[in-house]
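Colleague: I have the model open now. Could you walk me through it, starting with the salt bridges and then going on to the sheet?

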Amino acid sequence: GINAEYGPEDRIMLLKNAHLLNRLSKNMLITIMTALFTESKLLFLDKSLSSLTSTLHALTSLLYPLQWVCIYIPMLSVGIRALVRDLVQSPSPYVIGMLKQDYSHVREHELKDTQVLVVDLTRKQLDDMRDGDAKKLPISEASRKAVKHKLREVKKKDDPTEQSDIWREFLKPYLNQIDELCFDAPKVDGIRRIPMTSYVEKIKELKPGDENFAEKLFSTQMSQLWLQKQRLAISRH
């Protein structure tokens with residue numbers, strides 16, 4: 001399924017209920033969010049069904065103004081073995097939640113070469129099955145430190161609204177550049193197309209070291225859908 005498009009009040013309620021900064025370390029949260037922003041495969045494990053689903057809903061709400069449009073199953077039962085195997089081995093990006101007791105039935109060889117980031121919410125651990133380069137954080141050390149500092153400040157205040165604002169501010173320079181370049185891009189077959197090289201060059205100037213992340217973000221279904229909505233909104237005015 002596709003997760004719902006949350007309004008501002010929904011996002012605040014989800015974040016209040018999930019207590020993300022108590023459930024996850026700041027470094028874990030940064031790794032998870034950059035994996036979500038680049039449409040990676042993520043498999044979440046927890047002992048509790050309610051905390052599993054509330055955490056997944058809260059994490060995906062932090063993608064705003066983007067929206068997760070790939071496979072989204074907050075709770076996957078292992079009742080149908082073949083379905084579980086097909087889903088975890090899917091070539092498409094996904095966010096899947098599973099109870100820890102069910103995960104023990106997933107055989108190790110079924111996860112081999114799946115390029116999945118497994119998040120154990122109970123033990124606060126990551127098991128990164130992605131290849132070498134994919135395991136590296138796609139943002140620069142300066143960007144990571146800046147986000148981590150903001151998360152530390154927000155944790156002190158315990159304000160879920162500000163937690164959402166952090167990621168919106170984090171995305172802003174990347175999305176603004178996509179939007180600006182698209183506005184000036186020439187039309188090809190009636191569609192404005194932005195050359196990837198132009199976009200990456202702009203990000204190099206603005207946020208040196210974040211080109212890898214920018215390129216991956218630019219290629220996601222989420223950012224393309226967001227851009228379509230932006231263009232539509234502008235054309236209506």
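**Salt bridges, sheet and helices**

Modeller: The side chains of Lys-156 and Glu-153 meet in a salt bridge, with 3.4 Å from N to O; the term stands for a side-chain nitrogen of Lys or Arg within 4 Å of a carboxyl oxygen of Asp or Glu. This is a predicted model, in which local features need pLDDT of at least 70 and side-chain atom pairs count only at pLDDT 80 or more, while totals for chains, interfaces and linings use all residues. Residues are numbered from 1 along each chain as its sequence is written, and side-chain values use heavy atoms, with hydrogens and water left out.

Colleague: Where do Lys-156 and Glu-153 lie?

Modeller: Both belong to helix α9 (residues 141-157), three residues apart, which is about one turn of the helix. Helices (H or I, at least four residues) and strands (E, at least two) are DSSP runs, numbered from the N terminus.

Colleague: And why does Lys-156 count as exposed?

Modeller: Lys-156 counts as exposed because its relative accessibility is 64%, whereas Glu-153, at 31%, counts as partly exposed. Buried means under 20% relative accessible area, exposed over 50%, and partly exposed in between, with a 1.4 Å probe and protein chains only.

Colleague: How many salt bridges does the rule give?

Modeller: The count comes to 11. Among them, Glu-162 and Lys-157 meet through their side chains at 3.4 Å, N to O; Glu-162 is partly exposed at 26%, and Lys-157 is exposed at 52%. Another salt bridge joins the side chains of Arg-168 and Asp-165 at 3.7 Å, N to O. Arg-168 and Asp-165 are separated by about one helical turn, because they are three residues apart in helix α10 (residues 160-184). Arg-168 is partly exposed at 35%, and Asp-165 is partly exposed at 30%.

Colleague: Switching to the sheet, what's the strand order?

Modeller: The five strands form an open sheet in the order β2-β3-β1-β4-β5, with mixed pairing; two strands pair if DSSP finds at least two bridges between them. β2 (71-73) and β5 (125-128) stand at the edges with a single partner strand each, so one side of each has no neighbour in the sheet. On average, neighbouring strands here are turned by 20° against each other, direction ignored.

Colleague: Which strands does β4 pair with, and in which sense?

Modeller: With β1, β4 pairs in the parallel sense over five bridges, and Val-116 in β4 is the bridge partner of Lys-41. Strand β4 (residues 116-120) also pairs with β5, in the antiparallel sense over four bridges, where Asp-120 stands opposite Gln-125 and Val-118 stands opposite Asp-127. β4 and β5 form a hairpin with four residues between them, and Lys-124 in the turn has a positive phi of about 55°.

Colleague: Are the faces of β4 covered or open?

Modeller: Both faces are covered, with Val-116, Val-118 and Asp-120 buried on one side and Leu-117 and Val-119 buried on the other.

Colleague: Which strands does helix α4 lie across?

Modeller: Helix α4 (residues 49-61) lies across β1 (41-46), β2 and β3 (94-99), running at about 165° to β3. Axes are lines fitted to C-alpha atoms, for helices over the stretch in contact, and angles run from 0 to 180 degrees between N-to-C directions, with contact meaning heavy atoms within 4.5 Å.

Colleague: Last one: which residues of α12 are buried?

Modeller: In helix α12 (residues 211-218), the buried residues are Glu-211, Phe-213, Ala-214, Leu-217 and Phe-218. Seen down the axis of α12, these buried residues fall within an arc of 160°, so they line one face of the helix; the arc is that of the directions from the helix axis to the C-beta atoms.
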